[in-house]
Amino acid sequence: MGELLGLLKVVVVQGKRLVIRDFKSSDPYVIAKLGDQVAKTKVINSCLNPVWNEELTFSLTEPVGVLNLVIFDKDRFKADDKMGHAYLNLQPLVSAARLSHALRVSSGEMTLRKVVPDTDNCLVRESSISLINGEVVQSVWLRLCAVESGEIELKVRLIETRDGPSR
């Protein structure tokens, strides 16, 4: 395990237009993985547009990885059905944190960089990484892959160790 950069706080806000995996609806939940760390949201029963607003916390270390998300439909008597997956590359967030240290800005609000949708990410639309009162924050909508439809909204914050990311 590499150098600790800080804590990654991921708020799984909501899902939109998730696929039906039961008779008329689904009972979705999210499993988030960062390296060997795993966290799970609660199940929202009978809902294709769930609102979780749950915060999941991970330790962020070098080398910076990818946050992987898998959405499942909870089933009572058989294996849970997959409802899609998405991922978020965390390197832009860490690079923006390093930029904030170089600029020596710790209060107020400032956009540090923008990330645009491309073939290397699951972004639905452009996402800004901002410095808000000393915290590096990114709000994203991710398109679910390997499924007919579905998007998931996240709010990601990097709570840095005292020295913050260097290099």
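Trainee: How many positive and how many negative side chains does the protein have, and how far apart do the centres of the two sets lie?

Mentor: The protein carries 22 positive and 21 negative side chains, with the centres of the two sets 2 Å apart. Lys and Arg count as positive, Asp and Glu as negative, while His and the chain ends are not counted. Each charge is placed at NZ of Lys, CZ of Arg, CG of Asp or CD of Glu. This is a predicted model, in which local features need pLDDT of at least 70 and side-chain atom pairs count only at pLDDT 80 or more, whereas totals for chains, interfaces and linings use all residues. Residues are numbered from 1 along each chain as its sequence is written, and side-chain values use heavy atoms, leaving out hydrogens and water.

Trainee: What makes up the secondary structure of the protein?

Mentor: There are 1 helix and 10 strands, in the order β-β-β-β-β-β-α-β-β-β-β from the N terminus. These are DSSP runs numbered from the N terminus: helices are H or I of at least four residues, and strands are E of at least two.

Trainee: How do you know whether the radius of gyration of the protein agrees with that of a compact globule?

Mentor: The globule rule is 2.2 Å times the number of residues to the power 0.38, and the radius is taken over C-alpha atoms. For 167 residues a compact globule would have a value near 15 Å; the protein has 17 Å, which agrees. The C-alpha atoms fill a box of roughly 55 × 30 × 25 Å along the principal axes.

Trainee: Why is leucine 69 called buried?

Mentor: Buried means under 20% relative accessible area, exposed over 50%, and partly exposed in between, with a 1.4 Å probe and protein chains only. Leucine 69 has 0%, and therefore counts as buried. Leucine 69 lies in strand 5 (residues 66–73). Beyond four places away in sequence, leucine 69 has contacts (heavy atoms within 4.5 Å) that include Val30, Ile31, Leu142 and Leu154. Its C-alpha atom is 5.7 Å from that of isoleucine 31, 38 residues apart along the chain.

Trainee: What makes serine 130 buried?

Mentor: Its relative accessible area is 11%, so serine 130 is buried. Serine 130 belongs to strand 8 (residues 127–132). Not counting residues up to four places away in sequence, serine 130 touches Met110, Thr111, Leu112, Glu135, Val136 and Val137. Of the 167 residues of the protein, 48% count as buried.

Trainee: Why does alanine 146 count as exposed?

Mentor: The relative accessibility of alanine 146 is 74%, so this residue counts as exposed. Alanine 146 sits in the loop between strand 9 (135–143) and strand 10 (151–160). Although not a glycine, alanine 146 has a positive phi of about 60°.

Trainee: Which other residue than glycine has a positive phi near 55°?

Mentor: That residue is arginine 17, in the loop between strand 1 (4–16) and strand 2 (28–34).

Trainee: Is the peptide bond from glutamate 62 to proline 63 cis or trans?

Mentor: The bond is cis, with omega near -10°. Proline 63 is in the loop between strand 4 (51–61) and strand 5.
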